[in-house]
Amino acid sequence: MDNLFHLLEGFANVVTPMNLLLSLVGVTVGTAVGVLPGIGPAMTVALLLPVTYGMNPTQAFILFAGIFYGGMYGGSTTSILLNTPGESSSVVTAVEGNKMAKAGRAAQALATAAIGSFVAGTIGTLLLVFVTPVVVTFAIDLGAPDYFAIMILAFIAVTAVLGTSRVRGFASLLIGLVIGLVGIDAVSGQQRLTFGLPQLADGIDVVIVAVGIFAVGEALWVAAHLRGRPGEVIPVGRPWMGRDDWKRSWKPWLRGTAYGFPFGALPAGGAEIPTFLSYATERKLTRHPEQFGKGAIEGVAGPEAANNASAAGTLVPMLAIGLPTNATAAVMLAAFQSYGIQPGPLLFERESTLVWTLIASLFIGNLLLLVLNLPLAPAWARLLRIPRPYLYAGILFFATMGAYAVNAQPLDLLLLLLLGLLGFGMRRFGLPVLPLIVGVILGPRAELQGRRSLQLSGGDLSGLMGGPVSYVIYTVIVILLAWPLIQRYAPHLRRTRS
């Protein structure tokens, strides 16, 4: 009941004209960047971090939350109409959604994506209300060794599980950890990797890293692969669904939600895995198997619900433990730190008004997204006709202005360019971006918790093994690392025994 009381207080804070306006701006911008391929909510939040420095933290996070949810909504539009996913989590939607659009059912595909996203987002946010305080209660009892183990699990999960190559994942993580080391050692007071530059004594601002890697790196990558003309966009009518479409969609919406939320909350989760699982489940359970591969509405409804439910699940570990599980959550965690707020077990006690207002704004934003997406789908489709040179020139301009505004130091512009070239190189050689961002943000915190653990044990490595929680986590880490070997040699062992 306390949670519901706090949530009602959050709604009372949200329903002010300025906060409602910020929520509307957030979901509108989020939908737009979700529609435009290659931009995404992570880049947008990174770009807006410097702009929001003068805002109240609560208002800034209402804006960011709207962008986060809106980006998940908008990714389906470009998948369905252009067969080009705006987000990696919308890849599965393109499989059946674009086939529906080519068959003249673009309106129905967009409608089931929008309504399914609303249903899943609402249920996921409700689960967030009840699950997060439980996780907080659990996290309060954790010690430094347990937190160190959790962060090591996060490092392993984003490198060994989510990426296509473990070597590339660990290389990206290593780069992030090195960037996180720049500055003054908190224990010894010695400068590390500053090259004698006093401007680097406080380290490289996370905002500069996020904007450089996401915005500048993506703009350079798109410029290097710029096509002469935009893709052909399939025309859209007024999105709505017939009786049979509703009948075939409501169960996939619920099943997709059941997949999405728990996977979003896991360190090795994200939105990609539950969307694929949802698609496979709907293909197995459908009464119309002949339509799969040719434009089955279940293949759009389920994955889109899973996609948006995972967005709500992502906020559970971020708020309760301070652990990001995707790129947007990582940038939002950087935003908390830029305001001097540390997500974790004490966040609900120290910043109760901020947290519950943020959660309440998710309900408001979800409703606004449904209102925006259904009648305005043809307008969103027109965004796909914006010439890419104009679009990315604007992104580079705002990235440069935002990076300079952080500290008003010319050195930051040089760092922005270097990090942008690094982001371009990572895309060129297939290195995932998420491990780098997680390494920059969690690396110093993991070092701090690891040092605390060793200080408590007098330098004995056994101090890193705190209790049952850390034992379980290290067991999971060993399984994750050994799983490829198990898969490779298990069949040979069975043949040898037989």
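Here are a few friendly notes on a pocket, a helix and one serine in this predicted model.

1. On the ground rules: residues are numbered from 1 along each chain as its sequence is written, and side-chain values use heavy atoms, leaving out hydrogens and water. Because the model is predicted, local features need pLDDT of at least 70 and side-chain atom pairs count only at pLDDT 80 or more, while totals for chains, interfaces and linings use all residues.

2. The second largest pocket holds about 620 Å³ of space. (A pocket is an open set of points on a 1 Å grid over the protein atoms alone, where a 1.4 Å probe fits, with protein on both sides within 12 Å along at least five of seven lines; lining residues have an atom within 4 Å of a point.) It is lined by 35 residues, and the closest to its centre are Gly180, Val182, Asp202, Gly203 and Ile204.

3. Helix H19 gives the largest share of that lining, six residues. (Helices are DSSP runs of H or I, at least four residues, numbered from the N terminus.)

4. Helix H8 (166-181) also gives two or more residues to the lining. Its buried residues (under 20% relative accessible area, 1.4 Å probe, protein chains only) are Gly169, Ser172, Leu173, Gly176 and Ile179. They lie on the same side of H8, because they cover an arc of only 120° around the axis, taken from the directions from the helix axis to the C-beta atoms. Val167 and Leu174, on the other side, are exposed, that is, over 50%.

5. Ser249, in helix H10 (residues 243-265), counts as buried because its relative accessibility is 0%.

Methods:
Grid points are joined across faces, edges and corners, and a volume is the space filled by probe spheres set on the points.
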